[in-house]
Amino acid sequence: MANIANKQMICEVLMNAAKTDKDIVVLCSDSRGSASATPFANAFPEQFVEVGIAEQDLVGIAAGMARVGKRTFPMSPACFIAARSYEQCKVDVAYSHTNVKLIGISGGVSYGALGMSHHSAQDIACMSSIPGMRVYLPSDCNQTKKLMEVLVKDNEPAYIRVGRNAVDPVYSEDDVPFVMDKATFVTKGTDVAIIACGEMVLYAKQAAELLKKDGISATVLDMYCIKPFDKESVIEACKNVKAVISVEEHSPIGGLGSMVAQVVSENCPKKCVTMALPDAPVITGSSKEVFAYYKLTGDGIAAKAKELLHG
Amino acid sequence: MKNLTKLAYKLRMDVVDMIVNGKGGHIGGDMSVMDVLVTLYFKEMNVTPENFETKDHDHFIMSKGHSVEALYAVLAEKGFFPRETVLKEFSQFGSKFIGHPNNKLPGIEMNSGALGHGLPVAVGMAIAEHMNKSENRVYVVMGDGELAEGSVWEGAMSAANYRLDNLCAVIDRNRLQISGSTEDVMALDDLHRKFESFGWHVIDVNDGNDIEKLIAAFDEARVVKGKPTLLIANTVKGKGSPVMENKASWHHHVPSAEEYAQIMKDLKAQAEED
């Protein structure tokens, strides 16, 4: 299969599941095009609900439908579903324990030059702090497929954040190591642990390849499961290395870096560095330009690792 | 109807006991909405402790979740949990009977308390029941102060868009909220025209504490096709005793011993009236 955007893979898994499970319902807030959900809407009009530009209504309706037995997948830009409808996510979904999978599309700085209104750099922090809400940031379309194949069948609330564009795969299509709620070791090394989530996993993998050329051995841990947070794998990745780097397309406050630092400081204390977006509106540019500017790249991560190891 | 009216006064007495014992609660709205709840649970809705565990029952959302004491009294009377338990445990340390509806308790479908959530959730239930081609109806009770929340109007728009004639919303129009008159805090009138312009069938219940009138309105709602129905139940906040009627300060006042005695005397007289 050709490399496709994670959101497109979500739609494909949902279309496949909807053929046999008539309780699967996709909901959009005038976002079917941006969510790559138009094929679903066309193929399953009876299992598709359009609510218009109204994200609170989107999540409330999804929760009400779920309470009556539907498996609902509201799909809307991450910046809106995780912020405008945050209280609905908290009360109607997590607290009421409804089977809603909140799909945040075009997450992080996917919308690039559109600015801070369209960036979701707070969603890991806000969603993870809701009791009962699971949070996933898959790294590529192959892992997204594995993840979604589990989520279309289970009955618990979750928030899934994916980016806008197709990204180079971390895993090959026919070899995707995946255990639900267990982080994936992309590489195992002895000098530095690089823990990343979402699109940053690819850059972490590239950093490990660069470091290898310089004789530095790096562990790369794909922390697609932000919550439940796989502490055991973090401890395993970090206990025998000299330094830890976390990398995320998120604010430096309350995201992956905070979670990694908490686990490492409690279990195997050592230097932890958070690589993230700034706590500020980001510089104008495409997401790749933004990543490069803030050194969220293979080169940038490798340089940070060398700095930590060699001072 | 007289029996249901008397029952509503009896259950108001349970609410007052709950609030005094629990040292908190939203007494004014409990009193205004009680007749609506009694009509729904003892006349209008197909819901029992037995069918609640199945797919075959009507749905109810208490969007004005702070009036949970009234809902607890009604659910206990309906047999969902023992009356003595809720009277004893409401708001106590570690209790399941917290100050807003929680679906860990039997008889409650959705957690509420944050205002403006109920209508969109009810819309979702009604869409799902339409998809299922089910006869189950969906009811939601909102406060009037709650209508300042924008999400209510998102829900109102989508209910009409999806022609949800299996959805019936009720506004407990007691015209008071915590800071005073609804019209002074954030003017709501003309609610009838507002909802009508959103595509709803709107019924004004001129006395929303009159069970006979409520039954007639719910009967009318049942035969409306192709659109959702709203009942504007014009009620009296604190209904049942002059001590608390139409007083904004009784939004969440806990009666003193003296007030308690007078309120219970007034309620008892009406609960036992021939």
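**Entry 1: a crossing between chains.** I began where helix 3 of chain A meets helix 6 of chain B, and their crossing is right-handed (the near helix is turned clockwise from the far one by less than a right angle). I took helices (H or I, at least four residues) and strands (E, at least two) as DSSP runs, numbered from the N terminus. A note on the source: this is a predicted model, where local features need pLDDT of at least 70, side-chain atom pairs count only at pLDDT 80 or more, and totals for chains, interfaces and linings use all residues. Residues are numbered from 1 along each chain as its sequence is written, while chains are lettered from A and ligands numbered from 1 in the order in which they are written.

I then looked up who makes this contact (C-beta atoms, placed from the backbone, within 7 Å). Helix 3 of chain A brings A:Q56, A:D57, A:G60 and A:I61, and helix 6 of chain B brings B:S151, B:E154, B:G155 and B:S158. I sorted them by class and found one nonpolar, five polar and two charged residues. My classes were nonpolar for Ala, Val, Leu, Ile, Met, Phe, Trp, Tyr, Cys and Pro, charged for Asp, Glu, Lys and Arg, and polar for the others, Gly among them.

**Entry 2: the whole interface.** How many residues of chain A are in contact with chain B? I found 22, and they meet 21 residues of chain B. On the chain A side, helix 3 gives the most, with nine residues.

**Entry 3: a strand in chain A.** Next I turned to strand 11 (residues 243-247) of chain A, where four of the five residues are buried, so the strand is largely enclosed by the rest of the structure. I call a residue buried if 20 or more other C-beta atoms, placed from the backbone, lie within 10 Å of its own. Strand 11 of chain A pairs in the parallel sense with strand 8 (residues 192-196) over five bridges; pairing takes at least two DSSP bridges. There I saw A:V247 opposite A:A196. Strand 12 (residues 272-275) of chain A is also a parallel partner of strand 11, over four bridges, and A:I245 stands opposite A:V273 there.

**Entry 4: a helix in chain B.** Last, I checked helix 3 (residues 68-78) of chain B and found nine of its eleven residues buried, including B:L71, B:Y72 and B:L75. After this helix comes B:G79, with a positive phi near 100°.

Terms used:
Contact = placed C-beta atoms within 7 Å. Buried ≥ 20, exposed ≤ 12 C-beta atoms within 10 Å, placed from the backbone.
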